[in-house]
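Dear colleague,

I am handing over the structure below, and after it I set out what was found. Please read the notes with the coordinates open beside them.

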Amino acid sequence: MAASRIVIENCAIATVDADDTEYASGHVVVAGNRIEAVGAGAAPRDLDGVVRRIDGTGHLATPGLVNTHHHFYQWITRGLAQDHSLFDWLVALYPTWARIDEEMVHAAAQGSLAMMARGGVTTAMDHHYVHPRGAGDLSGTIVAAAAAMGIRFTLARGSMDRGTSAGGLPPDFAVETLDGALAATEETIDRHHDASPDAMTRIAVAPCSPFSVSTELLRQAAGLARRKGVRLHTHGSETVEEEKFCRELFGMGPTEYFESTGWLGEDVWMAHCVHMNDSDIAAFARTGTGVAHCPSSNARLAAGIARVPDMLAAGVPVGLGVDGTASNESGELHTELRNALLINRLGGHREKALNARQALRLGTHGGARVLGRADHIGSLEPGKLADLVLWRIDGIGHASIADPVAALVLGPPAPVTLSLVDGRPVVEDGRLTTADEDAIARTTRDQARRLARIAAAG
Ligand SMILES: [Zn+2]
């Protein structure tokens, strides 16, 4: 039986293919879970099995957005420690975070996923590194929340084993043992990782950061990931304090430390990478190590401005990240297209730092590359998975903007008329089709209050 087809036509299209091909008015044909055709003008009239024909007049079609760094659980600890830099912010929040349980994490995952999905994210990721004893099956509940919402997903199974007694930043009661973290990570891979090209769920190995993880956990986690054929993720070079920590404890900067523990390579991506010198950037480029650029979080925590134009010029793969919503309360990725462009223009490259098309590429194809999935997602091309977004740009916020891509990147957040993941609609006319937004708003508020009560009781 031939696959059923969805036809979208009469819209502007930014394919984000290798040539940045765009159409002022074009069509996309989806067959099953794949893109069958993309081109100028109306779609062919004689297609079989068309179940839906969408008039995209007044819209821009782009690849779905790919988020490369997040911490879902933070959805229920937003608005706290508002005026702190990273280390003080972490120390303020660890005691609350250490009290999370499965019910809270499920609600927080739903909130995080819903917020991103309604803003055009089709591939999400969650770096979850807080695993209190007796908290329940946190990995399982996060994976289930993403599957129920129909969002393509990578769970980066995080861990911490360097508590304050071992010179680390998190309190001892918030960390796992080395062996416990490795065993639980391996079990999560065995239970949930799907290596197939169409996979809706992937797992990565993700010890949290140099200041919360032992050298031995970093080394053994790299070995585990490579034995299992999964990707590696962590935080790197986020702040000057982290640089100082690494120099004092290990006698080298973060990038050299990562290299010494097996943590540079084309199967690795790191969040932030704000404080990188020329040789750090060259090491990332030489090894193909990817970067999740999180401009709002870096601004919120006063971390600094990552050298994205220099990374791109050197050939480093770069995607965008929301980061956890305790350091980026908005929880949206489409606004990060604009923020990446604006914040990088405040750096040394000024107006030549990033243009609108480069910003869109970071949020789509760049993210797909960082997650190791650029062969199948990240651009609108025949044969790729049908993850795409139809943005409305003929409303009050966008209709007078000369260029559709500038409307999306520089204008106010564009409403999502349709978002497809794997060929299935997850957003229609700005609302989630796969979950009840109002119910999620209530549940997340209730769980945030429950966590605050438990944390206050100590
Ligand atoms: Zn983070």
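**What was found**

Of the 458 residues of the chain, 55% count as buried. Please keep in mind throughout that this is a predicted model.

The secondary structure of the chain amounts to 14 helices and 17 strands. Its radius of gyration is 21 Å, close to the 23 Å that the globule rule gives for 458 residues, so the chain is as compact as a globular protein of that length. Taken along the principal axes, the box that the C-alpha atoms fill is roughly 70 × 45 × 40 Å. Of the contacts between residues at least 6 apart in sequence, 74% join residues at least 24 apart.

The chain is divided into domain 1, made of residues 5–63 + 377–432, and domain 2, made of residues 65–370. The centres of the two domains, taken over C-alpha atoms, are separated by 29 Å, and the contact between them takes 28 residues from domain 1 and 30 residues from domain 2. On the side of domain 1 that touches domain 2, at least two residues each are supplied by strand S5 (59–63), strand S14 (388–392), helix H13 (404–410), strand S15 (416–421) and strand S16 (424–428). Helix H13 gives the most to that side, with 5 residues, and by class the side of domain 1 that touches domain 2 has 18 nonpolar, 6 polar and 4 charged residues.

From the UniProt record, which is an unreviewed entry, comes the annotation "domain: Amidohydrolase-related", covering residues 61–393. Over residues 61–393 the chain is 41% helix and 15% strand, and the end C-alpha atoms of this stretch are 10 Å apart.

Which residues of helix H8 (residues 278–287) are buried? They are Asp 280, Ile 281 and Phe 284, and they cover an arc of only 100° around the axis, which puts them on the same side of H8. As a general point, an α-helix has 3.6 residues a turn, so residues three or four places apart point the same way. The face of H8 turned away from its buried side carries the exposed residues Asp 278, Ser 279 and Arg 286. What covers the buried residues of H8 includes helix H7 (254–260), strand S12 (290–293) and helix H10 (308–314). Just after H8, Gly 288 takes a positive phi of about 75°.

With best regards

Technical notes:
Residues are numbered from 1 along each chain as its sequence is written. This is a predicted model: local features need pLDDT of at least 70, side-chain atom pairs count only at pLDDT 80 or more; totals for chains, interfaces and linings use all residues. Helices (H or I, at least four residues) and strands (E, at least two) are DSSP runs, numbered from the N terminus. The radius of gyration is taken over C-alpha atoms; the globule rule is 2.2 Å times the number of residues to the power 0.38. A residue is buried if 20 or more other C-beta atoms lie within 10 Å of its own, exposed if 12 or fewer, and partly exposed in between; C-beta atoms are placed from the backbone. Two residues are in contact if their C-beta atoms, placed from the backbone, lie within 7 Å. The arc is that of the directions from the helix axis to the C-beta atoms. UniProt positions are given in the numbering used here, feature names are shortened, and annotations may be inferred rather than shown by experiment. Domain bounds come from an automatic or database domain assignment. Ala, Val, Leu, Ile, Met, Phe, Trp, Tyr, Cys and Pro count as nonpolar, Asp, Glu, Lys and Arg as charged, and the others, Gly among them, as polar.
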